[in-house]
Amino acid sequence: MPHTDPLRLHVPEPTGRPGQKTDFSYLRLSAAGEIRRPPVDVTPVDTRDIAYSLIRVLDEQGNAVGPWVPDISIETLRAGMRAMMKTRIFDSRMLIAQRQKKMSFYMQSLGEEAIGAAQAMALNRDDMCFPTYRQQSILMVRDVPLKGLICQLLSNEGDPLKGRQLPVMYSIKEAGFFSISGNLATQYIQAVGWAMASAIKGDTKIASAWIGDGATAEADFDTALTFAHVYHAPVILNVVNNQWAISTFQAIAGGENTTFAARGVGCGIAALRVDGNDFLAVYAASKWAAERARNNLGPTLIEWVTYRAGPHSTSDDPSKYRPLDDASHFPLGDPIARLKQYLINQGAWSEQEHEDTQKELEAMVIAAQKEAETLGSLADNHVFSPAEMFEDIYEHMPEHLRQQRQQLGI
């Protein structure tokens, strides 16, 4: 009988751990301007090469090159820069507030600001975004008042959700920002269903769904792709591959030896793989996918290659599972620094304007925070009135609940 080696189980490992510099060669990078731009009506199978490469517009010198250079005004780019800066400043201030025990929890989008900001600018305001907890830049682009966002984080009397959602899990219908769910991947099937409903009604609005690399391992991800493919749902399916799902490297979710974009092609969906730290590339790819959806050409799956520069949340310590300085070595750089260099090259920005804008936005966030904190926070032992338990549940309160409320004297 021939000798055979015993079977072995393969467990993917990251290419860097604490004390060991990460080898980022696994990323499958392409040069800026190298990847072709297919027609909007391309068949999904003909996007296979793009799903295994990387669309980039900005080169190392901050110049825009190649077929994906978008038709976008300097004023729009300047607004995008402000939105990204505002997001980062907001995140930084709220992180401090959490450390001061003013809120229970916070999640930054540090290093990922371009993905939400640029796509929000490529979509219409009445298109519906189904985000996760790292797309707050969409809200900054759409000028959602900061006070209300901070009140939601503080769970105080000004919280529009009345303390019924975890901090950062916003819900703002008028800004096209669907309720964030703590159960990962649910937003994918919700977005596909919403897009299908829009088509059934003969509307013109499209949907955009967001998921992290780790959550692609959830069954809802595959179900959403099946329905989107079968019914040609007018939806953009975003996979934010920021390399880490909490402490688990992206390969555990299936990113080793393939790409997340390739799953779209396998399901009969047009797929793009894009530099998520390149504002111009994000805008161009989002416009392409939105045009495809609006012209009844079906869904697009986009993998955004980026890096979670901060902890997964305020409960996480990434130094336990990856090199402390990993973000500074990530080969796609920082989205704000890269757009800043491009605008300076165009004579549309300067170091002085950057500094002045930083101060202006910091003052704006601080003022909103002070105003929100006048309505309470966890640090001053704020608690909601027990009456909140009874409100907004039934259109007409049942008799047994009415009696309970009377017994409480509220």
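Strand S2 (207-212) and strand S4 (244-245) each hand at least two residues to the lining of the largest pocket. Strands here are DSSP runs of E with at least two residues, helices are runs of H or I with at least four, and both are numbered from the N terminus. The pocket is lined by 18 residues, and Tyr-133, Arg-134, Leu-184, Gly-212 and His-312 are the ones nearest its centre. It holds about 260 Å³ of space.

Before going on, a word on what you're looking at. This is a predicted model, where local features need pLDDT of at least 70 and side-chain atom pairs count only at pLDDT 80 or more, while totals for chains, interfaces and linings use all residues. Residues are numbered from 1 along each chain as its sequence is written, and side-chain values use heavy atoms, with hydrogens and water left out.

Now, what counts as a pocket or a cavity? On a 1 Å grid over the protein atoms alone, a pocket is an open set of points with protein on both sides within 12 Å along at least five of seven lines, a cavity is a set where a 1.4 Å probe fits but cannot get out, and lining residues have an atom within 4 Å of a point. Points are joined across faces, edges and corners, and the volume is the space filled by probe spheres set on them. There are two cavities of 30 Å³ or more. The largest cavity has a volume of about 40 Å³, and its lining includes Pro-14, Phe-24, Trp-244 and Asp-326.

Let's step back to the annotated regions. UniProt, in an unreviewed entry, lists "domain: 2-oxoisovalerate dehydrogenase E1 alpha subunit N-terminal" at residues 6-44. That stretch is 0% helix and 0% strand, with its end C-alpha atoms 40 Å apart. The unreviewed entry also has "domain: Dehydrogenase E1 component" over residues 81-374. This span is 45% helix and 11% strand, and its end C-alpha atoms lie 30 Å apart. UniProt positions follow the numbering used here, feature names are shortened, and annotations may be inferred rather than shown by experiment.

Val-11 sits in the segment before helix H1 (48-51). It counts as exposed because its relative accessible area is 51%; the cut-offs are over 50% for exposed, under 20% for buried and in between for partly exposed (1.4 Å probe, protein chains only).

Next come the salt bridges, each a side-chain nitrogen of Lys or Arg within 4 Å of a carboxyl oxygen of Asp or Glu. The count is 24. In one of them, Glu-60 meets Arg-56 at 3.5 Å, N to O. Are these two partners buried or exposed? Glu-60 is exposed, because its relative accessible area is 64%, whereas Arg-56 counts as buried because its value is 9%. Both also belong to a network of salt bridges with Asp-275, Asp-278 and Arg-338.

Another bridge joins Glu-371 and Lys-147, whose closest N and O atoms are 3.4 Å apart. It links distant parts of the chain, with Glu-371 in helix H12 (residues 351-373) and Lys-147 in helix H5 (residues 146-154), 224 residues apart. Glu-371 is partly exposed, since its relative accessible area is 42%, and Lys-147 is partly exposed at 30%. Finally, Arg-308 and Asp-316 form a bridge at 3.7 Å, N to O, and both residues are buried.
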